[in-house]
Amino acid sequence: MTKQLRATMAAILVISSISLQAQTSTATKKTTSKAPVHKKAPVESPLARQIRELREQMLSQQAQIDALKQQNADKDAKLATAQQAAQNAEASAASASAKADSLSSSLSTNTEAVSSLNSTVTDLKTTNVGLAQTISDTKKQMTDAIESPLAIHYKGVEITPVAFFAIESVYRQRSLNSDVNTPFNATPYPGAAQAHTSEFNFSGRQSRIGALFVGNPGPFKLSGYVEADFLSAGATSNENQSNSYTLRQRQIWGQVATNKGFTLTGGQMWSLVTETKKGTDNRTEILPATVDSQYHVGFSWERQPGVRFQQKIGGLTAAVAVEQAEIIYSATNANANFFIGNAGAGGGLYNLTANYSNNVAPDVIVKFAYDSKYGHFEAGGLARWFRDRYYPNQTLTVPSAVGGNNNTKVGGGFFANARTPITHYADFGLHFLGGTGVGRYGTSTLPDVTVHPDGTLAPIKNYQFLGSLELHPQKKLDLDLYYGSEYAQRTTYLSTVGADAGKLVGYAPISSSNAGCGIETLPTSTGNGLAGAAPYNPGTPASCLGATRAVSQLTGEFVYRFYSSPKYGRLQYTVQYSYLQRVGWAGLTSGTFGSSTATYGAPKANNNMVFTGLRYYIP
């Protein structure tokens, strides 16, 4: 309804008004004049024609208006329909979008499910492969366990055999009449006839057999261990034909270990003084890797009966042991006014040709060990008691046993061990033990005690040192270097009573002569008490005290493992070279002690030794 529509309506009103006026005028005329007898067709006036035309236009326009209204109505209806359709389309689009999102989510979920399913299938395939491999490995392990068990099971006890079988040899430049174990403190001075002959010996006696027994009830673990070799000689042992030597006890002990780190061990075992690889645990002892069964100068050890108490707290282990005591004695010019023991009694099952001391108490050893990523470290102390029975009236003009009395002296020392990996291919170790009366714990067995003129004992100061460098350039090859030394201090006392007044008594008195230590002597026809022994009595130096001040040894060796398998064992070959030196305390070479013309000399002895060993270790 625009301005055109308003104009049209105004025109209609005007025309309607004019038409009404015209009709009124005509009616009036009809009433005032008489109608003609003969009617003629009315003549349309111009005004009437204009009105008629205008009316027709108006009717036409009205029709157009009605048509426009109808069109507008149709358009409104169509618009409403279109809007409804649009709304329906939007609703459908939203529904479709929601369905699309749902479908997309479903597709994503399905994709994830498919991916997860694929992953699960892949995992199952991998698991099946691993399971098949595990079954195969388990079957192989079970087969190996049945055919080649790591241990033998007897009821609840697991028994693990321990053994190696050896053929070994030793060459010494200066003969010691010894097997593959070297008595270091006995290497001869140049005046001994044997210093001028060499020796070469084969031996299988270091071959070893043994077993570990383990029972594990749960709250604690029970263990037992036995180990033996053939480095022992019986009354009938010789090398003339059968080369028969007796089986020797090395270790035999029992042990109980709790789950809280406490361990109690009793029996014959390595002394607590001996360096270990882990804590103070038995069977982890660190020994020089030598063919020589006496190991190496400077190495401190014993294998003896004892009881050991051990407690672990993290990387720290504390242990205390009480062990069998024995005294190694040496003295010059001693009076016969004391005794420390006796030869073994046959009924007591001791060796009839060996001396045994009458011990008042066991040796007591305390050690602390610490394990860390930097290595293994140990420190400890050793306490010893030396008793004898002495007779102060033995030196009188008329000797008498009246007044005999027992006397006990205390000795002991300190020791420390350290071993650390320098690199993956090298390990370095240091060992030291020092104190009074600790010579027995050194491998050279230097003396523990000497004696005063009155017959009471006097402990001797001893020192032991060992350094080691062990290289592992290849998995099959080890190269080892060792240097060790042991020392016994001169310990003498001046006698002031009786006929021996003014005489030095004790270990290595300077008044003793070393004049003959370098002068070879003739063999003797008697000496060792055996029938037909004349050819077996080489000359020994005359006028040669030669009391040992120090023994030292330098060793280089290689160990090559031809074959090593956890199933079949190990085959290895070792070559060891050692240079051994023994140096005595200085003494008189001529003249009289205390005179201005006296001269002094320290005897020396050395030995070049080569060992070889081929061993098969069972797995």
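Which residue's side chain is joined to that of Ser300 by a polar contact of 2.4 Å? The partner is Gln464, whose side chain meets that of Ser300 at this distance, a polar contact being a pair of N or O atoms within 3.5 Å in which, within protein, one must be able to donate a hydrogen and the other to accept it, and residues adjacent in sequence count only if both atoms are side-chain atoms.

## Basis of the model

This is a predicted model, in which local features need pLDDT of at least 70 and side-chain atom pairs count only at pLDDT 80 or more, while totals for chains, interfaces and linings use all residues. Residues are numbered from 1 along each chain as its sequence is written, and side-chain values use heavy atoms, with hydrogens and water left out.

Ser300 lies in the loop between β7 and β8, strands being DSSP runs of E of at least two residues, numbered from the N terminus. Ser300 counts as buried because its relative accessibility is 1%, the limit for buried being under 20% relative accessible area with a 1.4 Å probe and protein chains only. The side chain of Ser300 also makes a polar contact of 2.6 Å with the side chain of His431.

Tyr295 belongs to the loop between β7 (262-270) and β8 (303-313) and is buried, with a relative accessible area of 5%. Leaving aside residues up to four places away in sequence, Tyr295 touches several residues, including Phe184, Trp270, Leu287 and Trp301, where contact means heavy atoms within 4.5 Å. The side chains of Tyr295 and Arg303 make a polar contact at 3.4 Å. Although Tyr295 and Ser444 are 149 residues apart in sequence, their C-alpha atoms are 9.8 Å apart in space.

## Strand β4 and its partners

Of the eight residues of strand β4 (residues 208-215), six are buried. Strand β4 runs antiparallel to β2, to which eight bridges join it, pairing requiring at least two DSSP bridges between two strands; here Ala163 stands opposite Ile209 in β4.

With strand β5 (residues 220-232), β4 pairs in the antiparallel sense over seven bridges, and Val226 in β5 is the bridge partner of Ala211. The two strands form a hairpin with four residues between them, and Gly218 in the turn has a positive phi of about 130°.

## Lining of a pocket

The second largest pocket is lined by 44 residues, of which Lys277, Glu285, Leu287, Arg570 and Tyr617 lie nearest its centre. A pocket is an open set of points on a 1 Å grid over the protein atoms alone, where a 1.4 Å probe fits, with protein on both sides within 12 Å along at least five of seven lines, and lining residues have an atom within 4 Å of a point. The largest share of this lining, four residues, comes from strand β2 (residues 157-172).

Key. Buried means under 20% relative accessible area, exposed over 50%, partly exposed in between (1.4 Å probe, protein chains only).
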